[in-house]
Amino acid sequence: MTEILEPLGEAQIAVLVSGEARGSNMQALLDACMEQRIRGEVQVVVGTRAEAPALARARDAGVPVHVVSPRKYEGQEEAYAEALLRILRRYAINLVCLAGYLLRLPEPVVAAYPYCVLNIHPALLPLFGGKGMYGKRVHEAVIESGMKVTGCTVHFVDNDYDTGPILVQRAIPVLDEDTPETLAARLLPEEHRAYVEAVEIRTSRWLRVEGRRVVTYHP
Ligand code: GRF
């Protein structure tokens, strides 16, 4: 199936983060908006737990913060989705950026934002993705695999883990002396660049999506 996507123009962004998220990708998006490398603004940050360092960073930057605890809605996906959607509508959001949000986004949220939910994954998808593949585990698996390159992927979110069409990837070498920690640390600045680039592409370019493939389109 082929989909043609119009550029969003101004991005009104909601960043979603889980539990312990540091918020460095969120910060990269905030900085890029402030420096006008992205046309738009981060309007709200939504976390799953009040203690997340990312939420403190967002408050410091003067961005409204909300906490919606999935635990509170256990077994009630519709209600969890509605709680998220209420916030997204309130801030007139047109782009949802998952940045260290480790859960599967409820289907009604994905359906309400077709090709307008992005996620960043710290590996070159479709390798090293899927449920439970996050954080240190990804880099351990990369090193164990013997691969000589790794990277990060920004992709559209669909109803599964890490399977949506790929918008941007950036690669780095895996060095002989790398540990999961050194690899993660060297990759992080590339993640920030990739996320900003992906948002910039979604706001300013026409795109054609063919299955998992996203290409620039000239109408
Ligand atoms: C990043 O490594 C990202 O790829 C993954 O979660 C981590 C979030 O880091 N999805 P931060 O909170 O943005 O620093």
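User: Where is Asp 162 found, and how do you know whether Asp 162 is buried or exposed?

Analyst: Asp 162 is found in the loop between β7 and β8; helices here are DSSP runs of H or I with at least four residues, strands are runs of E with at least two, and both are numbered from the N terminus. Buried means under 20% relative accessible area, exposed means over 50%, and partly exposed is in between, with a 1.4 Å probe and protein chains only. The relative accessible area of Asp 162 is 11%, so Asp 162 is buried. The model is predicted, so local features need pLDDT of at least 70 and side-chain atom pairs count only at pLDDT 80 or more, whereas totals for chains, interfaces and linings use all residues. Residues are numbered from 1 along each chain as its sequence is written, and side-chain values use heavy atoms, with hydrogens and water left out.

User: What makes the backbone of Asp 162 worth a remark, and where does Ala 92 lie?

Analyst: Most residues other than glycine have a negative phi, and most peptide bonds are trans. Phi of Asp 162 is near 60 degrees, a positive value in a residue other than glycine. Ala 92, also not a glycine, has a positive phi of about 50 degrees; Ala 92 lies in the loop between α3 (77-90) and β5 (95-98), and its relative accessible area of 53% makes it exposed. A cis peptide bond, with omega about 10 degrees, joins Leu 125 and Pro 126, and Pro 126 has its place in the loop between β6 and α5.

User: How do you know how many disulfides there are?

Analyst: A disulfide is a covalent bond between the sulfur atoms of two cysteines, and the search takes it as a pair of cysteine sulfur atoms within 2.5 Å. For the sulfur of Cys 33 the closest cysteine sulfur is in Cys 97, at 8.6 Å, which is too far for a bond. The search of the whole structure therefore finds zero disulfides. Cys 33 is buried at a relative accessible area of 10%, and Cys 97 is buried at 0%.

User: Why is helix α1 called largely enclosed?

Analyst: Helix α1 (residues 24-34) has 11 residues and nine of them are buried, so the rest of the structure largely encloses it. Ser 24, Asn 25, Met 26, Gln 27, Ala 28, Leu 29, Leu 30, Ala 32 and Cys 33 are the buried residues, and they pack against β2 (11-17), β3, α2, β5, β6 and α6, where contact means heavy atoms within 4.5 Å. Just after α1, Gln 36 takes a positive phi of about 60 degrees.

User: What puts the buried residues of α5 on the same side?

Analyst: In helix α5 (residues 136-145) the buried residues are Val 138, His 139 and Val 142. They cover an arc of only 90 degrees around the axis, which puts them on the same side of α5; the arc is that of the directions from the helix axis to the C-beta atoms. Their cover includes β6 (117-121), β7 (149-156) and α6 (180-204).

User: Which residues are around the ligand, and how much of the ligand does the protein bury?

Analyst: A residue is near a molecule if one of its heavy atoms lies within 4 Å of it, and the residues around the ligand are Ala 21, Arg 22, Gly 23, Ser 24, Asn 25, Gly 100, Ile 120, His 121, Pro 122 and Glu 191. A polar contact is a pair of N or O atoms within 3.5 Å; within protein, one must be able to donate a hydrogen and the other to accept it, and residues adjacent in sequence count only if both atoms are side-chain atoms. An oxygen atom of the ligand is 2.9 Å from an N or O atom in the side chain of Arg 22, and ligand oxygen also comes to 2.8 Å from a polar backbone atom of Gly 23 and to 2.8 Å from one of Asn 25. Taken alone the ligand exposes 370 Å², of which the protein buries 86%, with areas from the Shrake-Rupley method and a 1.4 Å probe; for residues, only the protein chains shown count as cover.

User: What makes Thr 48 count as buried, and what does its side chain reach?

Analyst: Thr 48 lies in the loop between β3 (40-47) and α2 (53-60), and at 9% relative accessibility it counts as buried. Its side chain reaches the backbone nitrogen of Gly 19 at 2.8 Å.
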